[in-house]
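Open the model in your viewer and keep the selection tool at hand. The tour moves from one selection to the next.

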Amino acid sequence: MTLLYQKYRPIEEAVAAIPHGASIMVGGFGSPGTPFALIDELLAQGQRDLTLIKNDANEPGIGIGKLIEAGRVSHLITSHIGLNRDAIAAMNRGELHVTMHPQGLLAEKIRSAGAGHHGFLTDIGQGTEIATRRREIELEGRTWGIEPALYADFALVHAERADRYGNLIYRATASNFNPLMAMAADTVIAQAYRVDEPGSLAPESIHTPCAFVSQVVQVAPATSEQGRRAHVG
Amino acid sequence: MSADQQRILTRAAREVIPGQIVNLGIGLPTRLFHYLPEDLEVLVHSENGVLGCRPRHADEAPDYEMIDSGGAYIATRPGASVFDSAISFAMIRRSRVDLTFMGAFEVDELGNLANWKIPGKFSPGIGGAMELAQKVKRLVILCSHNDKHGNAKILQRCRLPLTAERCVSRIITDKAVMDVTPQGLTVVDIAEGLSVAELREATDAKLIVDDAQLGRF
């Protein structure tokens, strides 16, 4: 248990709690919502043999792309890595074990863990190869696939604003997987551009209540990576 | 963009009904954004967590935390909302998205779709395609009629791993507009200058053609 007044930490100290071999959820869809500063700190501290759970693999040289290139990730649980050719190459060479889920199922597996359930029943993927790798049950006249919840030791999330207790507010499309992961991991480390005193955020504006957040760190706004995107607009 | 792609997109824009919630898949469908009039009362959904996005104007600075699922910096229109991935996919699974456009490697007579994996060659992951294909009320495929080697993409049965079964409503290619019906693929429109015989030659599926009903595009 982290007491309320112990949550606001220097980034080095928060990330130092992560051991080798940890499973870590990482927020973000592409660049928005990716906790770049926490990832950079993890890169600097040297933890290895990590299992990462993230929607995508960012892009070469960006976000978790750096951890993958440094050989620090042994397993990636994700939905799409098409924008990171280095991650695809590492997967094809057999250096990176990749588990792919349809994006909405990945989100719901995490949400389910965060809601204190151990999974859910779904018809998504029936008739495709996704359904061949899971158990099914008959219920009320229909066949359902069983999708177990997805947990992790740690979650690294990015918020726009926070308070010292760990209440979080996300912005624009930087929300994505962050609020789900913030509920699903044993230890949740949040980075925010601004961490204020409790009371400075309106209670009804909070997206993730502080009860789910273990540690909160303040980071410099918008790293250069935030604006580096190799897309066509 | 090629003339064929422009013809596909111009035709596809006619599929959108004012008042709808519409998702644009990655690739060619994303370009459809630019074919929808800005005053059209439509909310464009992007599965990364926004309903009501629009292309950024040339003079608007990019907001680095506002992207669509293809990674393009976008803006929002009045009535827009942003939300997390669980809500975004709840919207899809509950069929609250009226219409979606997607690309395809293969589509078949039953409306089966394959657009995410070529075993041994291309397997970046499925992203949101499976849920969108399976649950959005109306799925319109936008793709070239034949691949770059000239092979048909419209088939009797898909050979590649499926994205979803029996999910496609309509297919718009550079050569034809086809509806998936219980009887099979019915040609709605055929490209200007193309004969029905040429269309059949380019297709590996049975096509139902009623000359009296056939439109041109």
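Select A184(A). Setting aside neighbours within four places in sequence, A184(A) is in contact with M25(A), I110(A), A113(A), G114(A), L150(A), Y151(A), A152(A) and A155(A). Contact means that the C-beta atoms, placed from the backbone, lie within 7 Å. This is a predicted model: local features need pLDDT of at least 70, side-chain atom pairs count only at pLDDT 80 or more, and totals for chains, interfaces and linings use all residues. Residues are numbered from 1 along each chain as its sequence is written, while chains are lettered from A and ligands numbered from 1 in the order in which they are written.

Now widen the view to the core. The largest nonpolar core has 125 residues. Such a core is a set of buried Ala, Val, Leu, Ile, Met, Phe, Trp, Tyr and Cys residues joined through C-beta atoms within 7 Å. Buried means 20 or more other C-beta atoms within 10 Å of the residue's own; exposed means 12 or fewer, partly exposed in between. I24(A), A155(A), A184(A), A190(A) and I141(B) have the most contacts inside this core. Strand β8 of chain A (residues 152-163) supplies its largest share, seven residues. Helices (H or I, at least four residues) and strands (E, at least two) are DSSP runs, numbered from the N terminus.

Next, select helix α2 of chain A, residues 36-45. Its buried residues are F36(A), A37(A), L38(A), I39(A), E41(A) and L42(A). Their cover includes α1, β1, α3, β8 and β10 of chain A. Pick L42(A): it counts as buried because it has 26 C-beta neighbours inside 10 Å. Beyond four places in sequence, L42(A) is in contact with V15(A), I18(A), Q47(A) and L67(A).

Move to the chain boundary. Here 40 residues of chain A are in contact with 34 residues of chain B. α5(A) gives the most to chain A's side, five residues.

Show α5(A) with α3(B), residues 85-93. Which way do they cross? The crossing is left-handed: the near helix is turned anticlockwise from the far one by less than a right angle. They pack at an angle of about 125°, with their axes 9 Å apart. Axes are lines fitted to C-alpha atoms over the stretch in contact, and angles run from 0 to 180 degrees between N-to-C directions. Finish on the residues making this contact: Q103(A), G104(A), A107(A), E108(A) and R111(A) meet S85(B), A86(B), F89(B), I92(B) and R93(B).

Notes: Contact = placed C-beta atoms within 7 Å.
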